[in-house]
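Biologist: Can you put the model up? I'd like to go through it with you.

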Amino acid sequence: MISEMQARHYIAPEIFEREQQRLFGKLWIFAGVRTLLDQPNAFLTRTIAGIPLVIQNMTGTLKAFDNQCAHRQMPLQFEEYGQRRLACRYHGWTYDGNGCAKSIPDEQVLYRFDAEQRASLCLREFAVEVIGNLVFVNVDENPIPIDQQFTEEFRTQLAGISSHFSSQAIHTRVPASYNWKLNFENVLDWNHVAHVHPRSFQPLLGAAATEPVPHAPDVANTALSSLSFSSSTQMNIRAWPWHAMTDAYGAENTYHNFFIYPNVNFISIGGVIFTIQQFDPFAADRTELRLTLMSAREKQRIAAMPAILWSHLKSEKRVIDEDKVLLEMLQTRLHAGGRAAYHGAYETRLRRVADVYLRLMGEKA
Ligand code: FES
Ligand SMILES: [Fe+2]
């Protein structure tokens, strides 16, 4: 079956711009992990749909604002993660919990704003939804209800698994030269694992399915919320003594996979290690993989935890690099006159993603 996606969807700068508006500017986008924002004034910075954001704990409430001072647009927070009050380094303005200028040094002498001007000195605020320990932001002025994007069942599952997160995490970003959609398609495509990861990932999964995949029904009017779902499979996980020292999620020897449309793959190995992979779009042919790794909550302090997380990140990175080499090669050969992809029965998920994508993009009724 010929894919509805065409090469231009992966290479054209105008498509990228349209996606920024129609997907990333309209949908709920994963922004970070709440356990890292528990302290007063803890913050993280992100860019979503081209908008630089700061998501900050303002006296117990998570708020998302423009990360640009209302005065002369200096970023209010510079670092990716940190803990600092919401204040500008340029001329010292500070902001309150509503994102409005609280104090302005030498205000009466230097600025002389009238009452109306003074009241308008507020940052743009964006909608935040927290599901368990996962923080989502929607930069649209009228955000869609979150249940349109994630079913209640899925939100309950996400809340359940993420409630096991420890507050220690490691975070890194991996630049990649391919379109973000190739990465989301790749994680939906389990058939590549045996071919691309024969020594790294496949051995953990054991034998691949031999049952024929059922023939795909016609894909039409796919619900947006059906694109975010979870699956789990048996996995041979080596038991380490530290596993018993954590409050693990779910059954042992299980690999959990949560696909969060449009651009997150959240996995857990045995409910003891959690990895959030996000495919952050930078340009039509550039993606930044954002990786956040955590263990399950510790029942007692595990001194080796940083080393444990680091070694997991290393094995994770090996698998990611195996994908990256291929996806970057694939991207280099995409060209406007090229043929569309050809899908078999097992690729129904990809066709459903394409169906929703083309409607969000306004290319399909
Ligand atoms: S730019 Fe922020 S205080 Fe001037
Ligand atoms: Fe892979």
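**Helices and domains**

Modeller: Here it is, and keep in mind that this is a predicted model. The buried residues of helix 11 pack against helix 7 (180-188).

Biologist: Which residues of helix 11 are buried?

Modeller: Arg349, Leu350, Val353, Ala354, Asp355, Val356 and Tyr357.

Biologist: What span should helix 11 have, and how far apart are its end C-alpha atoms?

Modeller: Helix 11 covers residues 348-360, 13 residues in total. At 1.5 Å a residue it should span 18 Å, and the end C-alpha atoms are 19 Å apart, which agrees.

Biologist: What follows helix 11?

Modeller: Glycine 362, with a positive phi near 75 degrees.

Biologist: Switching to helix 2. Which residues are buried there?

Modeller: In helix 2 (residues 13-24), Glu19, Leu23 and Phe24 are buried. They sit on the same side of the helix, because their arc around the axis is only 65 degrees. Pro13 and Glu14 are exposed, on the face turned away from that buried side.

Biologist: What covers the buried residues of helix 2?

Modeller: The cover includes strand 1 (29-33), strand 2 (42-48), strand 14 (273-283) and helix 11.

Biologist: Now the domains. How is the chain divided?

Modeller: Into domain 1 (1-25 + 147-365) and domain 2 (28-143).

Terms used:
Residues are numbered from 1 along each chain as its sequence is written. Chains are lettered from A and ligands numbered from 1 in the order in which they are written. This is a predicted model: local features need pLDDT of at least 70, side-chain atom pairs count only at pLDDT 80 or more; totals for chains, interfaces and linings use all residues. Helices (H or I, at least four residues) and strands (E, at least two) are DSSP runs, numbered from the N terminus. The expected span of a helix is 1.5 Å times one less than its number of residues. A residue is buried if 20 or more other C-beta atoms lie within 10 Å of its own, exposed if 12 or fewer, and partly exposed in between; C-beta atoms are placed from the backbone. Two residues are in contact if their C-beta atoms, placed from the backbone, lie within 7 Å. The arc is that of the directions from the helix axis to the C-beta atoms. Domain bounds come from an automatic or database domain assignment.
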